[in-house]
Amino acid sequence: MKMAFYGSSLLSSYWNGAATYYRGMLSELAKRGWNVTFYEPDAFDRQKHRDIEPPGWASVVVYEATAEACRTVIARAAEADVVVKANGVGVFDDELLNGVMDAAGPHALRVYWDVDAPATLAELRQAPGHPLRRRLPQIDAVLTYGGGPPVVAAYEAMGARLCRPIYNALDPATHHPAPPQPRFAADLNFLGNRLPDREERVERFFLEPAAHNPQGRYIIGGSGWETKGLPANVTHIGHVGTADHNAFNSSALAVLNIARDSMAEVGFSPATRVFEAAGAAACLITDAWTGVELFLTPNEEILVARDGQDVTNHLRALTPARARAIGDAARRRALAEHTYARRGAEVDVLLRDALAARRERSAA
């Protein structure tokens with residue numbers, strides 16, 4: 001089965017939080033017989049900050065971020081059994097959506113894969129004439145990176161035939177415990193790019209607790225924080241490539257997860273960093289969001305904070321022994337229930353069943 005996947009980037013995680021998710025999902029689909037071609041634009045300096053070279057389990061086509069190059073890769077959709085347009089490519093998103101759905105063959109399955117569903121749905125509610133909203137009735141399946149029942153209900157209310165959350169997960173071959181490194185050693189580490197819909201929460205859950213504990217050491221990784229005023233005990237280390245994520249997560253007493261506003265509001269949206277940290281057996285503190293207990297058990301496998309004071313209280317009560325116990329428990333749970341192997345098997349069945357149904361309809 002041939003899959004044409006149009007996304008932001010498989011090769012680079014630079015300003016691209018979906019890279020780990022794409023790698024985990026698509027490598028597992030490849031193991032199940034899918035011949036995946038990933039089309040990504042040369043945009044936003046991602047190609048200058050590649051984390052990986054083209055992998056053996058997928059063909060990667062990097063195209064210039066021009067209208068002509070976009071039209072060329074759109075035409076390739078006609079060769080695939082399944083055509084996937086992901087959100088957040090960043091350039092020519094509307095042209096890609098309309099183009100690949102039109103170019104796909106009559107028997108091909110058309111899929112929209114939303115890696116930022118709460119934000120996408122908020123945008124659709126504000127724009128009834130949005131290209132995606134007009135296209136939804138013609139799309140066979142919408143897969144989302146998270147969002148749970150609220151996202152499914154919202155997409156179906158807007159005309160989606162099928163919507164299924166495919167949550168983030170752990171690739172144990174990629175994310176695992178690593179020797180601690182002094183450059184990442186701290187009381188609390190946070191990794192995330194500076195984004196408008198997360199910055200206020202970073203201030204409340206990370207910067208304010210750091211300011212109230214001047215004796216502690218805090219590290220923030222990610223792009224965009226260069227111009228942000230930070231407490232003296234917070235060190236900004238810039239973009240952290242995926243090759244360093246295990247060491248980053250294994251070197252601190254605890255690692256912090258902070259959701260974007262829309263994901264925190266909707267819930268059921270464990271971020272990539274949740275399972276990366278669990279894979280490294282890190283003690284994770286997360287901001288509170290609905291549904292967290294479906295993935296990890298609070299106080300046993302993860303610590304949940306309602307605000308910055310909770311973050312401070314967790315850190316004050318945390319000993320290295322308890323941090324190890326929580327991290328080890330999270331890793332066991334992730335290995336048992338939240339691997340990309342399990343998610344890939346789920347998507348494989350879903351796509352094959354939907355493709356068969358599509359072909360039956362086309363033949364009728």
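Buried here means under 20% relative accessible area, exposed means over 50%, and partly exposed covers what falls in between (1.4 Å probe, protein chains only). The structure is a predicted model, in which local features need pLDDT of at least 70 and side-chain atom pairs count only at pLDDT 80 or more, while totals for chains, interfaces and linings use all residues. Residues are numbered from 1 along each chain as its sequence is written, and side-chain values use heavy atoms, with hydrogens and water left out.

Arg23 comes out as buried because its relative accessibility is 12%. Arg23 sits in helix H1 (residues 19-31); helices (H or I, at least four residues) and strands (E, at least two) are DSSP runs, numbered from the N terminus. Beyond its neighbours within four places in sequence, Arg23 has contacts (heavy atoms within 4.5 Å) that include Asp51, Ile52, Trp57 and Thr242.

Now for the charged pairs. A salt bridge puts a side-chain nitrogen of Lys or Arg within 4 Å of a carboxyl oxygen of Asp or Glu, and by this rule there are 24 salt bridges. One of them joins Lys85 to Asp93 at 2.7 Å, N to O; Lys85 is buried, at 1% relative accessibility, and Asp93 is partly exposed, at 21%.

Another joins Lys228 and Glu203 at 2.4 Å, N to O. Lys228 is in the loop between strand E9 (218-221) and strand E10 (234-236) and Glu203 is in helix H7 (residues 199-211), so the pair ties together parts 25 residues apart in sequence. Both residues also belong to a salt-bridge network with Arg194 and Glu199.
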